[in-house]
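Have a look at the structure first, then read on.

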Amino acid sequence: MSKIIIFDTTLRDGEQSPGASLDPNEKLQIAKQLSTLNIDVMEAGFPITSEGDFKSVSAIAKEIRDVSICALARAVDKDIDCAAKALKSAKSPRIHVFLATSKIHRKFKLIKAKEEIIKTAVKGVKRAKKYVDDVEFSPEDASRTEPDFLVEVVEAVIGAGATTVNIPDTVGYAVPEHYAAIIKNLRDNVKNINDAVISVHCHNDLGLAVANSLAAIKAGATQVECTINGIGERAGNTSLEEIVMALKTRKDFFKHTTGIKTKEIIATSRIVSGLTGLRVQRNKAIVGENAFAHESGIHQDGVLKESTTYEIMKPEDVGLPKTNIVIGKHSGRHAFKKRVKALGYELPDEELEHTFNQFKLLADKKKEIYDQDIEALVQNEKSEVPNIYELDSLSINCGPVPTASIRLRVGKDKIVADSTKGDGPIDAIFKAIDLLTGIKGTLLDYNVRSITSGKDALGEASVDVEVEGNTYRGRAVSTDTIEASAKAYLNAINRVATKHRRKKST
Ligand code: KIV
Ligand code: ZN
């Protein structure tokens, strides 16, 4: 049983999912949970793309010591230098250099001949090698690259010092037999292939990312690039939880292990979906709400008699608690703290105290408190956005002309108040907030969902708001969905106000 290296790219390719951008604090939270999950390599970002990404990679490199931290760079000097700078304090840094190799990309995107591609790739690897020992190279769009040319590129970059060669199916075009054949061809024909790890990176455009990765493992790949909940560009990437549980459940067939602490899978999935705002579909394998739910009477009867009749994995193995009603009104600080920790969060004392008070308020309104409720409260608390504007009170008149009357607290003692009409109550609320804050937002997306079941369930509202050409996400929870909506919108507006303040003070 040899070990497959789990390379997680949730914070890089995953963050490229439309609408998933994370701030540096949110990235650090996810990074900490990924380290608890015990991944081997964490692709923390693409530092040249923004100051925020550079800062995130630097902060993660400083803080996370037990995982190799990787930064992405095009085969361009300034990208590689920037990646190296961001990784300066990493204990085990890796630079990941990429350059497209397929005919389509060469002809239309790069306008470069084959020889020039090889020269640029080799130069990029050599430059990265000046900074770190651990260099990964990806021939982008490898699955649509001519097989012989791919052999040439891979051999050249290994010769230049690449320690991992990653073979991306960038556009999700491959099918399992085809992808396995690409890996086999490299193993058979690249003379120095044993000097590097063969890695795979699949996109899910045809829903085949996990199947392709597994086929590649069968053909000899020993690193898999993947993301939590399978998030990523377009239809996403290979899902970490699926690949890991497939290897574990079918170790009889694959004969490989991973170092992943599978009991941390659910906690990680929930943190990622909570912070990115990308909900997990109910029937998603491993982490979807229905993944371990049996609806048919025949199945339920079978599972009660012997769980293996219909369950190929134990829910506990992925961290799903047997019963997730956790604590209630009478639970104390200690039980609360223990549960927060078990869910994968670490809160400083002050934040813990505040969240505990929120929990007590919630427990007064809601009979049963579930893990999801606690997670929602913690994520609310962990939101780094300063509350420049806070909701003081809200009342709605839903008559023929819906009207919202809102009072906002600004700073410690100032109160501002106004009433506005709207097309509906939510529209009226958002307009009133615009008026009171002087920040005019355009609502791009608005969602309300209940976090648990029952009439008294905690509701979560999330919004995407465009202000001055930028999109800001806001989220909030409350047992009152109207209040949650107002607070979510205010959360997004507070992000804008914070940015305005920072700009003014620089
Ligand atoms: O899909 C892809 O080709 C990539 C590379 C940067 C590895 O994400
Ligand atoms: Zn990708």
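Let's start with a pair on the outside: Arg282 is exposed, and so is Glu289 (exposed means over 50% relative accessible area, buried under 20%, and partly exposed in between, with a 1.4 Å probe and protein chains only). These two form a salt bridge, their closest N and O atoms being 3.4 Å apart (a salt bridge is a side-chain nitrogen of Lys or Arg within 4 Å of a carboxyl oxygen of Asp or Glu).

Keep in mind that this is a predicted model, where local features need pLDDT of at least 70 and side-chain atom pairs count only at pLDDT 80 or more, while totals for chains, interfaces and linings use all residues. Residues are numbered from 1 along each chain as its sequence is written, chains are lettered from A and ligands numbered from 1 in the order in which they are written, and side-chain values use heavy atoms, with hydrogens and water left out.

- By the salt-bridge rule, the count comes to 37.
- One of them joins the side chains of Lys27 and Asp53, at 2.5 Å from N to O.
- Lys27 sits in helix α1 (residues 24–37) and Asp53 in helix α2 (residues 51–63), so this pair ties together parts that are 26 residues apart in sequence (helices, H or I with at least four residues, and strands, E with at least two, are DSSP runs numbered from the N terminus).
- Are these two partners buried or exposed? Lys27 counts as buried because its relative accessibility is 0%, and Asp53 counts as buried at 9%.
- Lys184 and Asp188 also meet through their side chains in a salt bridge, at 2.6 Å from N to O.
- Both belong to helix α7 (residues 176–189), and because they are 4 residues apart there, about one helical turn separates them.
- Lys184 has 49% relative accessibility, so it counts as partly exposed.
- Salt bridges can also link up: Asp77, Asp81, Lys123 and Arg127 are joined in a network of them.

**A threonine in a loop**

- Thr145 lies in the loop between β6 (134–140) and α6 (147–159).
- With 7% relative accessibility, Thr145 counts as buried.
- Which residues does Thr145 touch, leaving aside its neighbours within four places in sequence? Thr145 is in contact with Thr101, Ser102, Glu140 and Leu150 (contact means heavy atoms within 4.5 Å).
- The side chains of Thr145 and Thr101 are joined by a polar contact of 2.8 Å (a pair of N or O atoms within 3.5 Å; within protein, one must be able to donate a hydrogen and the other to accept it, and residues adjacent in sequence count only if both atoms are side-chain atoms).

**Where domains 2 and 3 meet**

- The protein chain is assigned domain 1 (2–276), domain 2 (293–382) and domain 3 (389–505), with bounds that come from an automatic or database domain assignment.
- The contact between domain 2 and domain 3 takes 11 residues from domain 2 and 9 residues from domain 3.
- Taken over C-alpha atoms, the centres of domain 2 and domain 3 are 28 Å apart.
- Domain 2 and domain 3 bury about 890 Å² between them, 55% of it on carbon and sulfur atoms (buried area is the accessible area, with a 1.4 Å probe, that two parts lose on being put together, summed over both).
- How many salt bridges does the rule find across the interface of domain 2 and domain 3? The rule finds 0.
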